[in-house]
Amino acid sequence: MADQQRLRLPIGIQTFSEIREGGYYYVDKTPIIERLVHQNKYYFLSRPRRFGKSLLLDTLRCLFEGRQKLFEGLYIHDKWDWQQTHPVIRLSFADGVHKTRQELDDHIWYQLNTQREKLGVPHPPAKLISAEFSSLIRQAHTHYGRGVVVLIDEYDKPILDNILEPERARELREGLKNLYSVLKNADPHLHLVLLTGVSKFSKVSLFSGLNNLNDITLDAPFSTICGYTDEDIDTVFAPELPGLDREAIRQWYNGYRWGGAEVKSLYNPFDVLLLLQKREFGPYWFESATPTFLIDLLRKRGIFTPQLDRLQARAQLLGRFDVDDITTEGLLFQTGYITIKDVQEPMLGYRLYTLGFPNLEVESSLNELLLPVLGIGHSEAQNHQLSLMDTLQRHDLAGMEAHLKALYAGLPHDWYRNNPIARYEGHYASVFYSHFAALGVQVTVEDSSHHGKVDMAVDFAGHIYLFEFKVVEQLPEGRALEQIKARGYADKYRASGKPIHLIGVEFSSEQRQIVAFEVETA
């Protein structure tokens with residue numbers, strides 16, 4: 001494609017007008033937006049960080065304010081009544097960290113005042129936040145003669161920022177509840193309400209009485225409202241693709257899914273835009289702000305890492321989240337570290353979700369971050385990674401055995417004394433899996449149902465390695481390799497035509513070391 005067809009990459013730009021007037025690429029979301037505004041009145045949407053939620057809200061704001069010129073050339077342009085404008089109140093909690101109820105209240109007052117000035121509605125002397133928000137909605141309706149559109153961005157951030165301090169988190173939750181509970185009685189004055197955030201707090205704890213809030217997080221018709229599809233990458237960003245490995249882009253960044261097999265998988269826009277700008281692969285989204293509370297929680301709960309790629313949960317678990325009740329699956333799913341791989345409905349209305357890592361970026365980065373939790377500090381981790389990479393590139397299985405023994409020998413003894421995760425039966429298998437996964441090679445976990453053992457396939461540099469990992473008391477039993485063969489575990493990989501290595505690893509929990517490493521080439 002000719003150079004003049006290349007546009008600017010909208011990295012970090014959340015203002016719709018700037019994208020449309022500044023010569024930036026734009027993925028047209030207006031077909032889905034049109035569906036949204038005509039179906040319901042109260043909506044809730046949860047998506048991970050940097051998925052384009054703020055841009056979505058700004059697009060809605062421009063639409064309801066009647067800024068027709070910005071929508072020229074987009075799907076909705078000829079289908080919208082541009083004479084029908086609505087007053088818009090937009091609140092955001094994206095900026096800053098609020099540590100006290102007072103700081104939160106000050107932030108809310110500032111925003112309500114700003115919105116009042118923008119709408120040109122005269123000031124009444126309200127003393128309470130709830131009264132001020134309520135009167136602002138009512139007066140805007142009266143002043144403009146049309147129902148008000150309320151858009152709230154990052155509605156949950158003040159609570160999430162303080163989730164490790166439950167007392168403070170509850171205090172901030174009350175402050176937000178005080179604001180949001182106004183929406184229920186304002187119904188006659190409202191045209192549309194959309195709240196977006198990362199997590200879904202229970203309606204009881206945050207939206208008392210607002211029972212008609214339609215949660216579209218997992219609704220197929222809205223699954224692609226944020227994020228880029230494969231088609232978007234191949235069409236909108238076509239001028240940027242030459243020189244990049246298209247399949248690698250898919251493996252590294254695609255794979256987020258909000259719904260069953262019928263919905264398209266998505267890319268996080270932040271990753272794609274930075275890849276297109278920098279022209280090299282990196283964990284851009286992951287490094288942009290991985291919450292420390294996530295790692296602390298996984299440490300406390302003694303997470304079995306091979307299972308992260310095949311968790312199962314009911315819909316209720318995925319959608320439930322509160323200060324005193326955070327399921328590991330719900331937290332990982334809502335923050336974007338695992339996504340939906342499959343949905344089964346064994347009984348009507350009982351949906352079971354299978355969850356796993358969306359892509360290589362998240363799998364390798366999260367496992368790398370968990371290595372210190374498992375006892376391998378950051379500085380040693382890098383040396384171990386280089387050593388593992390070297391043995392894999394040379395297909396040196398004797399070298400791999402020596403390398404893995406050195407890895408376990410390096411786990412500090414005092415770490416075992418002080419760390420609850422070390423007494424957890426899945427610890428050794430977790431170290432084994434996370435060490436490979438952190439390298440960014442393709443790792444498939446077959447069976448992670450028993451915490452002492454794990455079956456794992458590694459596909460790298462033209463070879464396939466099939467591991468069976470078992471924990472024994474003290475002496476090798478020789479059962480790991482036998483089991484791979486007995487199960488015909490290699491059969492499904494034969495079609496690839498690559499050499500297949502079967503490796504039975506037995507680990508003594510007493511000696512804290514590999515006591516058998518048996519190899520056979522299938």
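## Close-up views of a predicted model

**View 1. The start of helix α17.** A side-chain oxygen of Asn359 comes to within 3.3 Å of the backbone nitrogen of Glu361, at the start of α17. The model shown here and in every other view is predicted. Helix α17 covers residues 360–370. Of its 11 residues, 9 are buried, so α17 is largely enclosed by the rest of the structure.

**View 2. Helix α14 crossing helix α17.** Helix α14 spans residues 292–301. Its axis comes within 11 Å of the α17 axis, and the two cross at roughly 65°. The crossing is right-handed. From α14, the contact uses Leu294, Ile295 and Leu298. From α17, Leu366, Leu369 and Leu370 take part. By class, the contact has 6 nonpolar residues, with no polar and no charged ones.

**View 3. Ser434 and its polar contact with Asn367.** Ser434 sits in helix α21, which runs over residues 427–438. Its relative accessible area is 0%, so Ser434 is buried. The side chains of Ser434 and Asn367 are joined by a polar contact of 2.6 Å. Setting aside neighbours within four places in sequence, Ser434 touches Thr305, Asn367, Leu371 and Leu374.

**View 4. Phe436 in helix α21.** Phe436 belongs to helix α21. With a relative accessible area of 0%, Phe436 is buried. Beyond neighbours within four places in sequence, Phe436 is in contact with Leu388, Leu392, Met400, Leu404, Val441, Val443, Met456, Val458 and Phe467. Ser364 is 72 residues from Phe436 in sequence, yet their C-alpha atoms are 8.5 Å apart.

**View 5. Asp153 in strand β3.** Strand β3 covers residues 148–153 and includes Asp153. Asp153 counts as buried because its relative accessibility is 2%. Leaving out neighbours within four places in sequence, its contacts include Lys53, Ser54 and Leu57. Also in contact with Asp153 are Arg90, Leu91, Ser92, Phe93, Ala94 and Thr196.

View 6. A search of the whole structure finds 0 disulfides. Cys62 is in no disulfide, and its nearest cysteine sulfur is that of Cys226, 15 Å away. A disulfide would need sulfur atoms within 2.5 Å. Both cysteines are shielded: Cys62 is buried at 0% relative accessibility, and Cys226 is buried at 1%.

View 7. Most residues other than glycine have a negative phi. Arg50 has a positive phi of about 55°. Arg50 lies in the loop between β1 (42–46) and α3 (53–64). Its relative accessibility is 41%, so Arg50 counts as partly exposed. Arg512 also has a positive phi, near 55°. Arg512 is found in the loop between β12 (500–508) and β13 (513–521). At 27% relative accessibility, Arg512 counts as partly exposed.

Notes:
Residues numbered from 1 in each chain as written. Predicted model: local features only at pLDDT ≥ 70, side-chain atom pairs only at ≥ 80, totals over all residues. Heavy atoms only, no water. Axes fitted to C-alpha atoms, helices over the stretch in contact; angles between N-to-C directions. Helix = DSSP H or I, 4+ residues; strand = E, 2+ residues; numbered from the N terminus. Left-handed = near helix turned anticlockwise from the far one by under 90°. Contact = heavy atoms within 4.5 Å. Nonpolar A, V, L, I, M, F, W, Y, C, P; charged D, E, K, R; others polar. Buried < 20%, exposed > 50% of the residue type's maximum accessible area, 1.4 Å probe, protein only. Polar contact = N/O pair within 3.5 Å; in protein donor to acceptor, adjacent residues only side chain to side chain.
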